[in-house]
Amino acid sequence: MAETGGSKGQRRREAILQLMKQQGRITIGEIVSQFNCSEATARRDLEQMEGTYPVIRTIGGAMYDGMGTVRELPFAEKEGLSILEKERIAALAATHIAEGDVIGLSGGTTNFLLAKQLRLRKGITVVTNAVNIAMELGGSDIQVVVIGGIMRHNSFELCGPLGESMIAQLHITKMFIGIDGISAEGGITSYSEQEAGTLKALMGRSKATYAIFDHTKRNRNSLFSLAELSQLHAVITDAPIEGELGDQLRSDGVHVYVTEA
C-alpha cells in the first residue's frame with residue numbers, strides 16, 4: 001500500500017530530519033537500525049528528503065544543511081556528491097584548455113576529475129596546491145608544478161604563506177577554482193581561511209579565472225570571501241543559472257557555460 005502525506009513514511013522522514021538537525025548527518029545504517037526499515041527504504045527516504053528539505057546526499061547517508069551555509073566534508077565524502085554532474089562539468093572545463101596553457105587547479109573533486117581529463121593531453125603545465133591532483137597527473141606528459149604548504153585536515157590541499165610566496169613568482173593562463181558557495185551578494189566563498197588565502201594568491205597571478213561548481217553550491221555563502229563575481233572570467237556548471245545570481249553574472253560580464261544533460 002502506498003504511503004500518503006500523513007503516513008508512517010512521512011513521520012519517519014520527519015524523525016530522520018530531526019536526528020540530522022541534532023547530529024549534522026546520518027548514515028543509511030543508522031536509519032535502518034533506528035527505524036527498523038530496509039536499506040532500500042532508507043535510501044528512498046533520503047532521495048525524497050533531498051528534494052524537500054535542506055538535505056545533501058553523501059556516500060552512505062546524508063548531511064543537514066539547514067543554515068544555508070556550505071559546511072566542509074572530507075574529500076572521500078565529497079567525491080560521492082553529484083558525481084555524474086561533476087564529471088560533465090570537468091569534461092566541459094577541459095574544452096577550455098589549449099596546448100601551451102599554464103593551468104591553475106585548486107583542490108576539490110571537480111578539479112580532480114578535470115585532472116583525469118587532462119592525463120592524455122600534451123603541451124600543458126598544471127600548477128596546483130592539491131597533492132591528489134599532482135599524483136593523478138604523475139607519469140603523464142603534463143608538466144606539474146606543486147605549490148607547497150601545510151596539508152589541510154579534510155582535503156589534500158596545501159595552504160599557507162610558504163605556498164603563497166611561491167605563487168608570487170608564477171604566471172598562470174587560466175585558473176580553475178573549485179568553490180564552496182556562490183551568490184549574488186557574497187560572490188564566491190570558501191569555508192577555510194587558509195585555503196582562501198592561497199586561492200586569492202593563485203587568482204591574482206592568473207589572466208582568467210573560471211569557477212567550476214555543481215548546482216548544490218548556488219545561492220550559498222561560506223565563511224570566507226574569495227572574490228566578487230566581477231573578478232571571474234567565466235563559470236562552468238551543470239544547469240542554467242536564473243534569478244538574482246544569473247542576473248548579477250550577466251551584469252558583471254561573466255561567461256556562463258552549462259553542461260548538456
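**Exercises on core and helix packing**

In this predicted model, valine 235 touches Ile182, Ala211, Phe213, Ile241, Leu249, Val254, His255, Val256 and Tyr257, when residues up to four places away in sequence are not counted.

**Exercise 1.** Determine how many residues the largest nonpolar core has and which elements give two or more residues to this core.

*Solution.* Step 1: the core comprises 26 residues, and those with the most contacts inside it are Ile179, Ile182, Ile188 and Val235. Step 2: two or more residues come from each of strand S9 (172–178), helix H9 (193–204), strand S13 (224–227) and helix H10 (243–251). Step 3: the most is given by H9, with 4 residues.

**Exercise 2.** Classify phenylalanine 176 as buried or exposed, and list its contacts beyond four places in sequence.

*Solution.* Step 1: phenylalanine 176 lies in strand S9. Step 2: its relative accessibility is 0%, and buried means under 20%, so phenylalanine 176 counts as buried. Step 3: with neighbours within four places left aside, phenylalanine 176 contacts Ala93, His96, Ile97, Ile103, Gly104, Leu105, Ser106, Asn111, Leu114, Tyr210, Ile212 and Ile236. Step 4: the C-alpha atoms of phenylalanine 176 and alanine 208 are 8.7 Å apart, although 32 residues separate the two along the chain.

**Exercise 3.** Describe how helix H2 (residues 28–35) and helix H3 (residues 39–50) pack.

*Solution.* Step 1: the angle is about 115°, and the axes are 9 Å apart. Step 2: angles of 65 to 115 degrees count as roughly perpendicular, and H2 and H3 are therefore roughly perpendicular to each other. Step 3: the crossing of H2 past H3 is right-handed. Step 4: H2 contributes Ile28, Ile31 and Val32 to the contact, while H3 contributes Glu39, Ala42, Arg43 and Leu46. Step 5: by class, these residues are 5 nonpolar, no polar and 2 charged.

**Exercise 4.** Carry out the corresponding analysis for helix H1 (residues 8–23) and H2.

*Solution.* Step 1: H1 and H2 pack at about 125°, with 12 Å between their axes. Step 3: H1 passes H2 in a right-handed crossing. Step 4: from H1, Arg12, Ala15, Ile16, Leu19 and Gln23 meet Glu30, Ile31, Gln34 and Phe35 of H2. Step 5: the contact of H1 with H2 divides into 5 nonpolar, 2 polar and 2 charged residues.

Definitions and conventions: Residues are numbered from 1 along each chain as its sequence is written. This is a predicted model: local features need pLDDT of at least 70, side-chain atom pairs count only at pLDDT 80 or more; totals for chains, interfaces and linings use all residues. Side-chain values use heavy atoms; hydrogens and water are left out. Axes are lines fitted to C-alpha atoms, for helices over the stretch in contact, and angles run from 0 to 180 degrees between N-to-C directions. Angles under 35 degrees count as roughly parallel, over 145 as roughly antiparallel, 65 to 115 as roughly perpendicular and the rest as oblique. A crossing is left-handed if the near helix is turned anticlockwise from the far one by less than a right angle, and right-handed if clockwise. Contact means heavy atoms within 4.5 Å. Ala, Val, Leu, Ile, Met, Phe, Trp, Tyr, Cys and Pro count as nonpolar, Asp, Glu, Lys and Arg as charged, and the others, Gly among them, as polar. A nonpolar core is a set of buried Ala, Val, Leu, Ile, Met, Phe, Trp, Tyr and Cys residues joined through side-chain atoms within 4.5 Å. Buried means under 20% relative accessible area, exposed over 50%, partly exposed in between (1.4 Å probe, protein chains only).
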